[in-house]
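Please have a look at the fold before turning to the notes.

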Amino acid sequence: MRGAVRQVYRPDGRELDREGASVKGEFVNSRTESTRTRILRAAQEIAQEVGPASVSLDAVAAKAGVSKGGLLHHFPSKAALLRGLVEHQLARFETALGIEAAKARHDGVIAAYFETFVAERLCKAPPSAGLLSALVEDPAILEPVRGRERGFLDAIRENATDADRATIVYLALHGLALMRLLNIDALNEAERTRILAAMREELTGDAPSR
């Protein structure tokens, strides 16, 4: 069609502009977006049920209500689909975090990161240990995670009144999440609740409920 703009996508499913630069923000706001969103939602649900390493493209296509060819148009391989899923989850976390608004007050970024991390990664069902198998299959899946987390940590340290203290809180959160991921959690729910309350008190000065 004359005047139509061809949409181009990275292997992880993010749109590229005509110069090949990644479009900033959420997934493309178009009819294509709804298809890709359905695919990602289906992949996430299946990954939670059977583990990311056991996700099949056929199963994702069937659950999303698209053809196998339609899925491959957006995500040309299983690795690309898993990377797209990781990118989508990171973008959602960043939106929930509201980092720019948090920068308006000292220690606002670590406080916002703490509450978002607890809500998104500790209070919800822990990620399947099958993720470890997926990482063995494609270690590149972690590349966007490293970059995004480094950005979060830089913002936390720059905004903190005590950068090292804020970093310790950041590392403690990830330690709790990693123990759940590896299924080696040494804390019961009551102990975890008290630890998180103590960490919140350190950040806000509010006494934990007894």
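A residue counts as buried under 20% relative accessible area, as exposed over 50% and as partly exposed in between, using a 1.4 Å probe and protein chains only. On that scale, buried residues make up 40% of the protein's 210 residues. The model is predicted, so local features need pLDDT of at least 70 and side-chain atom pairs count only at pLDDT 80 or more, while totals for chains, interfaces and linings use all residues. Numbering starts from 1 along each chain as its sequence is written, and side-chain values use heavy atoms, with hydrogens and water left out.

**Overall build**
- The protein has ten helices and two strands, taken from DSSP runs (helices H or I, at least four residues; strands E, at least two) numbered from the N terminus.
- From the N terminus, the order of elements is β-β-α-α-α-α-α-α-α-α-α-α.

**Helices H9 and H10**
- The axes of H9 (residues 163-181) and H10 (residues 189-204) come within 11 Å and cross at roughly 165°, where axes are lines fitted to C-alpha atoms over the stretch in contact and angles run from 0 to 180 degrees between N-to-C directions.
- That makes H9 roughly antiparallel to H10 (over 145 degrees).
- Residues in contact (heavy atoms within 4.5 Å) include Leu173 and Leu176 in H9, and Leu196 and Met199 in H10.

**Threonine 167**
- Threonine 167 lies in H9 and is buried, with a relative accessible area of 13%.
- The side chain of threonine 167 reaches the backbone oxygen of alanine 163 at 2.8 Å.
- Leaving aside neighbours within four places in sequence, threonine 167 is in contact with Leu153 and Arg157.

How values were computed. Parallel < 35°, antiparallel > 145°, perpendicular 65-115°, else oblique. Polar contact = N/O pair within 3.5 Å; in protein donor to acceptor, adjacent residues only side chain to side chain.
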